[in-house]
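Here is a brief report on one protein model. Take a look at the sequence and the fold before reading on.

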Amino acid sequence: MKKDEQVKSEEMYKEYTNNANEEDINKIANNINKMKKGPIAKIWDQVSALWQMVKDPSVAWSSKAVAIGALIYLISPIDAIPDVIPVLGLTDDVGVITATVASLSYALSKYMKKKDIEEYVKSIEYNSEDKE
């Protein structure tokens with residue numbers, strides 16, 4: 001990505017993050033699955049983790065706003081490198097998602113561990129109910 005494209009993507013991402021709101025969550029919900037293509041498919045686990053954080057009411061708004069900013073950037077067809085440009089169109093989106101995951105690494109890893117523990121506890125409870 002060229003320097004001017006990188007600067008533009010950073011500015012747009014910051015704007016999306018600073019203006020994140022509940023309405024953005026609906027926009028993401030309606031469009032997120034359409035984005036699992038090209039280079040985004042390779043980092044889909046990161047996209048999914050950010051999306052899970054956004055939907056969880058127990059996650060702090062500050063972390064959610066950062067994730068929302070990245071996901072709005074992802075679903076927006078007009079960004080630093082327009083998504084309609086073959087091959088290159090999603091490279092800036094990959095950069096934004098990757099940078100967001102890095103900046104939220106502590107909160108995201110803590111969140112994912114919590115989710116793993118909750119799933120484990122549910123599986124134990126489910127298995128113990130079967131034995132009764």
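## Reading the angles

Helix axes here are lines fitted to C-alpha atoms over the stretch in contact, and the angles between their N-to-C directions run from 0 to 180 degrees. An angle over 145 degrees counts as roughly antiparallel. The model is predicted.

## Overall layout

The protein has seven helices and zero strands. From the N terminus on, the order of elements is α-α-α-α-α-α-α. The C-alpha trace spans about 65 × 30 × 25 Å along its principal axes.

Of the 132 residues in the protein, 39% are buried. Take the contacts between residues at least 6 apart in sequence: 67% of them join residues at least 24 apart.

## The nonpolar core

Which residues touch the most other members of the largest nonpolar core? They are Val47, Leu50, Leu71 and Ile97, in a core of 37 residues. The elements that give two or more residues to this core are α1 (3-18), α2 (22-31), α4 (44-55), α5 (61-75), α6 (91-103) and α7 (105-131). The largest share comes from α5, with ten residues.

Leu50 shows what such a position touches. Neighbours within four places in sequence aside, Leu50 is in contact with Ala67, Ala70, Leu71, Ile97, Thr100, Val101, Leu104 and Leu108.

Helix α5 has 15 residues, and 13 of them are buried, so α5 is largely enclosed by the rest of the structure. Its length also checks out. At 1.5 Å a residue, α5 should span 21 Å, and its end C-alpha atoms are 20 Å apart, which agrees.

How do α5 and α6 pack, and at what angle? The angle is about 170°, and the axes are 9 Å apart. Because that angle is over 145 degrees, α5 is roughly antiparallel to α6. On the α5 side, the contact is made by Val66, Ala67, Ala70, Leu71, Tyr73 and Leu74. On the α6 side, the residues are Asp92, Asp93, Val96, Ile97, Thr100 and Ser103. By type, the residues of this contact divide into eight nonpolar, two polar and two charged.

Helix α4 has twelve residues. From first C-alpha to last it reaches 16 Å, close to the 16 Å expected at 1.5 Å a residue. Its buried residues are Trp44, Val47, Ala49, Leu50, Trp51, Met53 and Val54. Val47 and Leu50 are also among the core residues that touch the most other members.

Ile43 sits in the loop between α3 (38-42) and α4. Is Ile43 buried or exposed? Its relative accessible area is 12%, under the 20% cut-off, so Ile43 is buried. Leaving aside neighbours within four places in sequence, Ile43 is in contact with Val94 and Ile97. Ile43 and Val94 are 51 residues apart in sequence, yet their C-alpha atoms are 7.6 Å apart in space.

## An exposed lysine

Lys113 lies in helix α7. Its relative accessibility is 57%, over the 50% cut-off, so Lys113 counts as exposed. Lys113 and Lys3 are 110 residues apart in sequence. In space they are 36 Å apart, C-alpha to C-alpha.

Technical notes:
Residues numbered from 1 in each chain as written. Predicted model: local features only at pLDDT ≥ 70, side-chain atom pairs only at ≥ 80, totals over all residues. Heavy atoms only, no water. Core = buried A, V, L, I, M, F, W, Y, C linked by side-chain atoms within 4.5 Å. Buried < 20%, exposed > 50% of the residue type's maximum accessible area, 1.4 Å probe, protein only. Helix = DSSP H or I, 4+ residues; strand = E, 2+ residues; numbered from the N terminus. Contact = heavy atoms within 4.5 Å. Parallel < 35°, antiparallel > 145°, perpendicular 65-115°, else oblique. Nonpolar A, V, L, I, M, F, W, Y, C, P; charged D, E, K, R; others polar. Expected span 1.5 Å × (residues − 1).
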